Amino acid sequence: MTSWIESANAPHCYFPIQNLPYGVFATSGEEPRCGVAIGDMVVDMAVLEAAGLLKTGAAATVFDKPALNDFMELGAAAWDSVRDQLTSLFKQGGDTALSGDPSLQSKALVPMSAAQMFLPFKVSEYTDFYAGKQHAMNIGTILRGAENALPPNWLHIPIGYNGRASTVVVSGTDVVRPLGQTKAPTAQVPSFKACARLDIELEMGAVVGTPSKMGQPITVQEADDMIFGYVLLNDWSARDIQGWEYQPLGPFQAKAFATSISPWVVTKAALESFRTSTPEREKELLPYLNEPGPMIYDIELQAYMQPEGADKATLLCHTNYNRMYYSAAQQLAHHAIGGCKMNTGDLLGSGTISGVRKSEFGSLMELTWGGKEPITLDSGESRTFIEDGDALTLTGWAQGDGFRIGFGECTGKVLPAPDFKA
């Protein structure tokens, strides 16, 4: 299938007609509203809805809003219907209501270069998981030794913690180096200073579209049905602050200062043909976590670092979402099993995605083995952890037959810590 939007037909285009991801954008002097990416254009969904070319079944308009939440809450039938309507409007030989109306095109199609992207949905709650086995093994080995790498519960449940929705930001937002308490191994007492071991975590984020009820568990299949789509997610981490604070209750300030996500939400429908199975279980899971079918996706993922002033970025790692031990549906089902209410706009971080080879490690903590093995960038500089001025970029795509389902980019530049005197 091809589109009459020519740029959408390029073999390596992230946004072909098979994708149609959702975001929120604005042009100069206008308010943010919902859009869809195709080729190098942003489709103004509010314009198409007002023109009667998109019908959601809702009593009121949903796309003239600064977040996708109203649309996501309509549920799977509306998601599928709108996708079908968009496909018909943009495919070659489809509905000519837009392709045959140059005046409407001038209002409904905005060049990406002229669009400012915003957080695509209002994040209700944010939960981050620790569901990549190789990452858990690597971190556990670095901190506790290979014989104690995985905690006893890891092969039985998706481990996670409740993060901060208030500091989830869209790609392109600068990240300020955090301050906090750290304690050197030989020190008697902690000190207060700027984080010196700032890191990334290459993750995917699952976006909850429809809510559950408080007190009502959900199955893995029901959880999968609730998910609207996926984003790239960088779980920025202050490793030295985390090392001092994480026992006994887990991450706190070390994970609360920033979480970056990509501006485009790639829908579950666009990823359907890329479903694959999670790895073979080393321990049999309890029945409520059993998957009725393939629940993970074959998505190529990369992370890059570009120091300030460098001509180009250096590839840090190349891995795949299919390395995850637990799927987002399993994570969501476990999250709700005790009666926790899940809301439209909840965001679930997958946990760092690492493969077995060093080139697949999704964090600097792993790539430099706790800072003991510096890496050399293409600029000739070396790094153990992130320095001020460094820009980090995540990107990802599912490779189809002659097309890609792309996620765009998730970027963030690190700024110096604030000059704070207690």
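## Glu-201

Glu-201 has a relative accessibility of 4% and therefore counts as buried, the cut-off for that class being under 20%. The model is predicted. Glu-201 sits in the loop that runs between strand S12 (198-199) and strand S13 (202-208).

With neighbours within four places in sequence left aside, the contacts of Glu-201 are Asp-128, His-135, Leu-233, Asn-234, Asp-235, Ser-237, Arg-239, Lys-255, Thr-352 and Gly-362.

## Annotated binding site

An unreviewed UniProt entry gives the feature "binding site" at Asp-128, Glu-201, Glu-203 and Asp-235. These positions span 108 residues in sequence, but no two of their C-alpha atoms are more than 11.0 Å apart, so they gather at one spot. Asp-128, Glu-201, Glu-203 and Asp-235 are included in the lining of the largest pocket.

Glu-203, which belongs to strand S13, is buried because its relative accessible area is 0%, under the 20% limit. Residues up to four places away in sequence not counted, Glu-203 touches Asp-128, Val-231, Leu-232, Leu-233, Asp-235, Gly-349, Ser-350, Gly-351, Thr-352 and Ile-353.

## Cys-317

Cys-317 is part of strand S21 (residues 314-320). Its relative accessibility is 2%, so Cys-317 counts as buried. Apart from residues up to four places away in sequence, Cys-317 touches Leu-202, Leu-301, Gln-302, Ala-303, Ser-359, Glu-360, Phe-361 and Gly-362.

From C-alpha to C-alpha, Cys-317 and Ser-260 are 18 Å apart in space, with a sequence separation of 57 residues.

Strand S1 (residues 22-26) is mostly covered, with five of its five residues buried. Tyr-22, Val-24 and Ala-26 point one way from S1, while Gly-23 and Phe-25 point the other way, and all are buried.

S1 pairs with strand S2 (residues 33-38) in the antiparallel sense, over four bridges. Within this pairing, Val-24 has Cys-34 of S2 as its bridge partner. The two strands, S1 and S2, form a hairpin with six residues between them, and Gly-29 in the turn has a positive phi of about 80°. S1 also pairs in the antiparallel sense with strand S5 (residues 116-118), over three bridges; there Phe-25 stands opposite Met-117.

Methods: Residues numbered from 1 in each chain as written. Predicted model: local features only at pLDDT ≥ 70, side-chain atom pairs only at ≥ 80, totals over all residues. Heavy atoms only, no water. Buried < 20%, exposed > 50% of the residue type's maximum accessible area, 1.4 Å probe, protein only. Contact = heavy atoms within 4.5 Å. UniProt positions renumbered as here; feature names shortened; annotations may be inferred. 1 Å grid on protein atoms, 1.4 Å probe; cavity = no way out; pocket = protein on both sides within 12 Å on 5 of 7 lines; lining within 4 Å. Pairing = 2+ DSSP bridges.
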